[in-house]
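This briefing goes through selected loop residues and helix packing. Please keep the structure open while reading.

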Amino acid sequence: MSLAHHVVRQDPFAGLSRFRGEFYSCLTRRADALFELADAVLCADGPVRSLVELSLVGEHRRGHGGLYDALSAGRVDIVRLRRALAAVPLPRSADGRLVLAADFTCWLRPNAHTSPQRILCHTYGRGKDQHIPVPGWPYSVICALESGRSSWTAPLDALRLAPGDDAATVTARQMRELIERLIEAGQWKDGDPEILIVVDAGYDVPRLAFLLKDLPVQVLGRMRSDRVLRRAAPPREPGVRGRPPRHGGEFVFGDPATWNTPDAQTVTATRLYGTATARSWDRLHPRLTHRSAWTAQLGALPVIEGTVIRLQVEQLPSGATPKPVWLWWSGTDATTADVDCLWQAFLRRFDIEHTFRLFKQTLGWTCPKIRSPEAADRWTWLIVVVFTQLRLARPLAADRRRPWEKPSPPHRLTPARVRRDFRHLRPKAACPAEVPKSSRPGPGRPLGSKNTRPTPRHDVHTVGKPGSAIQRTKKSTTPRPRRTG
């Protein structure tokens, strides 16, 4: 799928200044301190390691006390900020379609016993073939995808999961609200191609498509290789009595004997993966039961038909044995052009991993030791705003490379390289934050006094079953009072 970057038209500095002014208007308390904190993240030399180091950046004209106070006591108008992000120019496909990718990323807090609303998050790569649950705050992030091989995306929304939330339901509600904002901002109009939503195997793709069926969207996602789907029900023969069947024969992903002849097939030569063969079968659906997420569904369960695509490549760059990838698309009657477009769009979904890596390793999203989840949400939105400013400054930045780095053309600059030049671009853009007033620091706690109000300790929650009100927690870590006498 060929995605073309939507370049900021007219004066790029005007677009950057307009967004910075709108961002400042979204800060309803501690506005100057929060705004300069975002500028400190943009102008810091090297990766962000701690919040106190940001107070030493020249663009942050306040002390470290004001920095922490802004995160703990500041206020951000999230509703207005979401509308501002939806109005920023977004990347589109060659036919003008918006492609949105949704995924979860975790802010791990294993030792933060005084932080509430922590959930056990599944982590990957911490051991050989091990998925270790670690307490933390999971966030659902939605981004608009960039073109080709790129580390750029357009983050549009971030939402923290609360204990007991169902991932599919939360993502569907988050996606619905985002699409309504995009339509309100004029990013999608009647007659435009439907918005394509791309997700990975962690989502229930048919359920997500069912929850968003009234919106102008198409859902594409990966399925596990052990799934079993059903074909459409055969036509009823005349003279046969009884209840008509709702499902046809089985389509077992692991049994080629059940596949039959594919409805469409394409063969594409790629540079990294060799020959890529994609085959599709039309009108396949899962057989739903009144369990799990469908417990509260009354009456007969829906039949959610879609197209299954099997992608098989010849080789992998790592040299490992390639395994087939199974995709499910909410549309039907896919042509060969649709099949090629869909599996290439799914490969672009992994660009969101570059954004998560930049958030954590360069912008320092998970570095602060923040106690309250509300402060974590404020810091998360600051990071999203920082990345958006880097994207708006992309056509303005110069390549300030290290002596050992190869030169890069302007349209191929990475977000990290654009960040190196932001300090030189900032004086030309709007800066509504006011100069701080001179003041003396407070006396603080008297010397030698002890804290008589210890912070309460909170349990770690586990993800409950979808549709169930039962929620399990780990064993309480609150210390028991000692027995006296």
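Arg394 is buried, since its relative accessible area is 10% and the cut-off for buried is under 20%. This is a predicted model.

**Buried arginines in loops**

- Arg394 sits in the loop that runs between H10 and helix H11 (415-420).
- Arg97 belongs to another loop, the one between strand E4 (92-93) and strand E5 (99-108).
- Arg97 has 13% relative accessibility and therefore counts as buried.
- The backbone oxygen of Glu194 is reached by the side chain of Arg97 at 3.0 Å.
- Which residues does Arg97 contact, leaving aside neighbours within four places in sequence? They are Arg92, Pro193, Glu194, Ile195, Leu196 and Gln218.

**Exposed loop residues**

- Asp226 is placed in the loop between strand E10 (217-223) and strand E11 (228-231).
- Is Asp226 buried or exposed? It counts as exposed, because its relative accessibility is 54% and the exposed class begins over 50%.
- The side chains of Asp226 and Arg224 are joined by a polar contact of 3.1 Å.
- Asp226 and Gly254 are 28 residues apart in sequence. Their C-alpha atoms are 6.2 Å apart in space.
- Val435 lies in the loop between helix H12 (422-425) and strand E17 (460-461).
- Val435 also counts as exposed, at 61% relative accessibility.
- Leaving aside neighbours within four places in sequence, Val435 is in contact with Arg61 and Arg62.
- How far apart are the C-alpha atoms of Val435 and Lys323? The separation is 58 Å, for 112 residues along the chain.

**Positive phi**

- Most residues other than glycine have a negative phi.
- Gln117 has a positive phi, near 60°, and is not a glycine.
- The loop between E5 and strand E6 (118-124) holds Gln117.
- Gln117 counts as partly exposed, with 29% relative accessibility.
- Asp333 is a residue other than glycine with a positive phi, near 60°.
- Asp333 is found in the loop between strand E16 (325-329) and helix H8 (336-348).

**Helix H1 against H2**

- Two packed helices are described by the angle between their axes and the distance between the axes.
- For helix H1 (residues 12-25) and H2, the axes come within 9 Å and cross at roughly 140°.
- H1 and H2 are therefore oblique to each other, as the roughly antiparallel class needs an angle over 145 degrees.
- The crossing of H1 past H2 is right-handed.
- From H1, the contact uses Arg20, Phe23 and Tyr24. From H2, it uses Ala31, Asp32, Phe35, Ala38 and Asp39.
- By class, the contact of H1 with H2 has 5 nonpolar, no polar and 3 charged residues.

**Helix H2 against H10**

- What is the crossing angle of the axes of H2 and H10? They cross at roughly 55° and come within 10 Å.
- That angle makes H2 oblique to H10.
- H2 passes H10 in a right-handed crossing.
- H2 brings Leu34, Leu37, Ala38, Asp39, Val41 and Leu42 to the contact. H10 brings Trp379, Leu382, Ile383, Val386, Gln389 and Leu390.
- The classes for H2 with H10 are 10 nonpolar, 1 polar and 1 charged.
- Ala38 and Asp39 of H2 take part in the contact with H1 and in the contact with H10.

**Buried side of helix H4**

- Which residues of helix H4 (residues 64-73) are buried? They are Leu67, Ala70, Leu71 and Ala73.
- Helices packed against by the buried residues of H4 are H2 (31-43), H3 (51-54) and H10 (373-392).
- Strands E2 (27-29) and E3 (75-76) are also packed against by these buried residues.

Note on methods: Residues numbered from 1 in each chain as written. Predicted model: local features only at pLDDT ≥ 70, side-chain atom pairs only at ≥ 80, totals over all residues. Heavy atoms only, no water. Buried < 20%, exposed > 50% of the residue type's maximum accessible area, 1.4 Å probe, protein only. Helix = DSSP H or I, 4+ residues; strand = E, 2+ residues; numbered from the N terminus. Contact = heavy atoms within 4.5 Å. Axes fitted to C-alpha atoms, helices over the stretch in contact; angles between N-to-C directions. Parallel < 35°, antiparallel > 145°, perpendicular 65-115°, else oblique. Left-handed = near helix turned anticlockwise from the far one by under 90°. Nonpolar A, V, L, I, M, F, W, Y, C, P; charged D, E, K, R; others polar. Polar contact = N/O pair within 3.5 Å; in protein donor to acceptor, adjacent residues only side chain to side chain.
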